[in-house]
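Please examine the sequence and the three-dimensional model shown below.

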Amino acid sequence: MTRTLALIAVICALLIIPFAALPPLPAQAAAPVDALAPLPKGCGGGLPPNADAPVCCMFGYVFMDGQPVSDAYVLVYVPGTDRSVGAWTALGPDSDQPYFRLSLSGAPLSLQPGEVVKIDAYYASHAVTTSYTVIGGGQEVDLVITPNSSTDGIDYVPERQVYAQDAPGDFNMNLGDLAIDGSNTVYVTDWGNQRVQVFNRDGTFLRQWGRLGEADGNFIAPSGVAVDAQGNVYVADYGDHRVNKFTNTGEFIRRWGTAGSQPGQFTFPSDVIIDGDGLVYVADTGNQRVQVFDGDGNFVRQWGGLGSGDGQLNNPGGLALGPNGTIYVADSDNGRVQVFSQMGAFVKVFATPGGTPEELLIDGSGRVLVADRQANIIRIYSAAGAALGTIGAPGVLAGQFNGVGGLALDSAGRIYAADSYNNRVQIFSAAGALLASFGQVGQNNRRVYYPGGATVDAQGNLYVTEQGKGTVKRFDASGAPLPGFGNWGGGPGEFVWPKRIAAAPDGTLYVADMGNNRIQQLTATGSFIREWGSPGSGDGQFNNPYSLAVAANGDVYVADSDNNRIQQFTSSGGFVRQWGGLGSGDGQFNGPVGVAVAPSGAIYVADTSNHRIQQFTASGGFVRQWGSYGNGPGQLADPAGIAVDPDGVVYVAEYSGYRFQRFSPSGAWLGSFGWSGSNPGSVSQPNDIDVLPDGRIYLVEPNLGRVQLLRRISYTRPIATIVAASPQVVTAGQAVDLLGRGADSNSQSAVSYEWRLGDSAQPFATSAEASLPTTGLAPGDYTVSLRVRDAQGEVSDPRTVTITVAQTVTDAPRTWTFLLYLAGDNSTGAALGNDSALGALARLRSRVGPANVSVAALFDGPRSGDSARYLLRPGQPDQITSLGEVNTGDPQTLSDFIAWGRQAAPADAYYLAIADHGNALDGIGWDYTSDQTGHERLTMPDLRQALTVATDGGAHPVDILHLDSCLMGLLETAYQMRGMARYMLFSENLAWSSFGYEDYRDLVGASTSARDLALGIADSYAGAVTPARLPYTISALDMAKLDPAAQAADALAGELIGFSLAGVTNRDTLSTLRSQVQKFDSGGDGAITTNDEYVDLDHWAELLQGSSNVSAAVKATATALRGTLASLVISSRSQSGQATVPPATSPQQISLTNARGIAIYYPPQPGVQSYQTYSSHLGFAADTRWDDWLQAQLTALGVVTPATDPNPVPPLDFPRSFSVYLPLVRR
């Protein structure tokens, strides 16, 4: 998949004032809001202004209320041009906090140092803009979202929302469309859950993507779906007025469209299809037209227009490809199907079935199937338009429909139909016989379906009516679900379209049961107490009672909406009075849907269609009104919800204004919050609002199926950012140039700066640009911190960067430190430790090493409390420090160890070895003392996280990273470590526990380079194992050559996707080649079989290159890949041989003839547990199309039963030089 970590953010403009203008900063800053990981610097870190280096990337966090936030959009652009790039903040592999990253050097920005750009950031109904001068290299720009203006300084930020998707495979009352690709994979737009779900042809769930929101890859109302010949998936988002393009595994590629009627804009697009030329046809339903685009979203043409004449359309729905490139259009509200040429010329009216033809399908025999949503049947026509029959009938039984929708056809001619409100997909034979179905309604107590209103009781419990289900959901003050109550119906405790709900002072609840034209009173747990009301306009009767409120004395006020009045009742339902009447004069109403009671007893009414608020006395006497139609401060657009806080402030939710406003008790405007959207903090057609005593707000958004909780912004301190520090590795006396930024959280822009070295009490600089002199500093790592102060005297948390002072900075380092992370909390303990003379630490300590090599080691053995650090420095006594028990599976343990080793034994270069059982997809560094279930280990994301911290985001990469374990030799493993190491060593197959670190240490001379040492270690390992005639592999990589290899693998995958989807013959060709490729023992059982999941990448490319049955494009990309691998793999040593691996009791031959140095994941079947790990944990899967191809190639096969959690295989008890080190196995 191709994932772009593109996100967008903003920072407030800075006004730099002289430092002397303010008193000095305090010596200690307050505790940080949250520790932030250093973000990888991309091309090596930023440089100071005017530095001679190319521009690289921009990255950073977006802060609001003092915290980094997800789903913020950052737009970088050159004013007055069309050069712009946007990105969203999101979690990624480089930090546990959401961040953004985007390219400044690539098109369309193509920036040079010194150019000035604008940066806009948008988050939670807030926006901010800043100017920024681009510098060379990578640059961190953290952005701060500042509060919106209000008369009283109050603003809001999202805290949480009542919204959660149903379980995978379940649906939520509204399926959209279906599409089936060339491998019979079924894609379903699950409108009600704002996602796409993917199944195999028999309905087994495979994967899903998307959630509610506007960020790339998310949806508001996903509708139409289609798949092109390359497996790319196109989704029309009906609610967000756009088309999204994904890979077949759901990685976002691009999007196009905005709300509107111009070419390329949409109003409720409902369907999408792809023709043989790759053109994309979109049913632009609200604009009564069909639009055509190329695969990149560029507008080509359009046709249609509102009407009932030939070629005119009235709410066009489904599209289908007909013979000779014709396009069939379901002209829904005209009750017909029209046919157009590929260019959009009207051809004919194909059929006029009446009803509501919504979706279309043309099968292999030319029959046209029409899903009639009104009649809940599928109508079948011959190619000539003759009616042939129907499939289905209205109902809920098998083979019946309740909201028939999308249609699709698999390669066997089976018909798939979306049965929307029965929450299932039904499968029929070509003759219309029901064959199977899959899907069910979700049972999710953490979400609300079409909420009508909300209230909070004295204990903080939240109650939400579900209009579409006739129920009430309950949640405690923390948001945890409680048992709900109610059913659809007219009996006691049942509801039909329940709207507002109110909690009384005595703890009981009142519900406006609109569809039953009554008010019900219930206990807090839903037990029925009483009801009153009936249809009509007399006293105590109702015509769609929409809202209600309870006064302190228990009286109930009801907004009797379609009677255009307010009625007052006692707590037991006794009629007291009414007032109002249709009109726009004082005290008159036009569809009032909101009512609230103030602590003073005043009554406030949302007079919805008059777009105003009216205030009355408790007895209905008119006091005042305010508001008029509009979107300015104090104007109103369909005010719906209304609430009053303990101070008498009036809160009004505007359904058509996409916001809420606050007013004083007398109607003076105080502030507003919200703009249209579905992200947290954005607002979509709110119809109710409730205010908690602490000032937090619940906002009900029925069309999104959510309730948001907003809190007041309280963080006002500034945020400091170290934009760049260069160089970060220096020799003593060489200066480090620094560039900082500061932005304030409370819209005050004046800042002062303070740079400190370590714990120094005095700053060495007090301006944004600074220079750190290093004269007199001993070799080692130093922490530089930056803090800023705003004009109000508030001080930021410190941000830090690590500077290394080295003895020399050359290609031939003079000193080395070996960092050995010896995770022996298993059967490898003896081979790694110090207790046995054959242990790695014992051998290191018994042999005098070169004078320019130090060793820093962390050893954790199999016993509790046996963890220790070892420091072995030339000419000094060995230092051994007991640590009690550490968890080697914790990334913090690894990053702390590396930091300690670099500080205790500073050197010009570092070799880091991680020794343990291993398997690329499962991890390394197992710790059974910390977790005897076998789950505690360093996964690949953990390993990258630890190295990101330890290397300061790649600014100080280790020179050699050696994953001294089994089965780590995948391209995916190397990709996960990109930027963290210069050279890398690992094994494609089983590794042997020689752990020859004393021999590796002896390879270091006075000027040994990292490349030479990596090559030497590979040769030394091979030299130790080869004489024993044991099977082995070991390889060394030049990590500078990694990206071209990954890009070439991505290009090959792209060609393979189209080849696999073109037909089963092609998939069989690739399966045959897989049977011939060199595999590795991913199962750890000592036998290489077709079930093993790792294959040699170069050998695979060679087989493709030499096959006469694959396309020329596949051959060409395979050839290109082999060229990049030749540069990446600088050493590959291997040997076939025999080994005895449990459960076997005798030696087995292991052939490694075609081991070339680097493998890749290619399982024989889908559905294995390893694929779930692969697709969700590895950056390579996210950034390339390799796993998209695996899905295209393998999904048509049977899904295997997921394996259990991995377990390590104990090493064999051989003498040291022949002892085996075995991998993890899935049992």
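Which domains does the domain assignment of the chain give? The assignment, which comes from an automatic or database source, gives domain 1 (55-148), domain 2 (175-422), domain 3 (451-712), domain 4 (719-806), domain 5 (816-1025) and domain 6 (1041-1197). This is a predicted model, in which local features need pLDDT of at least 70 and side-chain atom pairs count only at pLDDT 80 or more, while totals for chains, interfaces and linings use all residues. Residues are numbered from 1 along each chain as its sequence is written, and side-chain values use heavy atoms, with hydrogens and water left out. Between domain 3 and domain 4, the C-alpha centres are 53 Å apart.

Two strands count as paired if DSSP finds at least two bridges between them. In general, strands of a sheet pair through backbone hydrogen bonds, either parallel or antiparallel. Within it, strand 36 (residues 415-419) and strand 37 (residues 424-428) run antiparallel and are joined by five bridges, and A418 has V425 of strand 37 as its bridge partner.

Five of its five residues are buried (under 20% relative accessible area, with a 1.4 Å probe and protein chains only), so strand 61 is largely enclosed by the rest of the structure. I697, L699 and E701 point one way, whereas Y698 and V700 point the other way. Strand 60 (residues 688-691) is joined to strand 61 by four bridges in an antiparallel arrangement, with I689 opposite L699. The hairpin of these two strands has five residues between them, and G695 in this hairpin takes a positive phi near 95 degrees. Strand 61 is also joined, by five bridges, to the antiparallel strand 62 (residues 706-712), where L709 stands opposite Y698. Four residues separate strand 61 and strand 62 in their hairpin, and G705 in the turn has a positive phi of about 65 degrees.

Attention now turns to the interior. A nonpolar core is a set of buried Ala, Val, Leu, Ile, Met, Phe, Trp, Tyr and Cys residues joined through side-chain atoms within 4.5 Å. The largest such core has 133 residues, of which Y911, Y997 and W1100 touch the most other members. Helix 8 (residues 1042-1061) gives the most to this core, with eleven residues. Because domain 5 (816-1025) and domain 6 (1041-1197) both give residues to the core, it lies between them. Leaving aside neighbours within four places in sequence, Y911 has contacts (heavy atoms within 4.5 Å) that include W816, F818, I960, Y997 and I1017.

Helix 4 (residues 940-950) is another enclosed element. Eight of its eleven residues are buried, so helix 4 is largely enclosed by the rest of the structure; among them are M940, L943, L947 and A950. The buried residues of helix 4 pack against helix 3 (891-904), strand 74 (909-915), strand 76 (923-924), strand 77 (958-964) and helix 5 (971-976). After helix 4 comes D952, with a positive phi near 55 degrees.

Technical notes
Buried means under 20% relative accessible area, exposed over 50%, partly exposed in between (1.4 Å probe, protein chains only).
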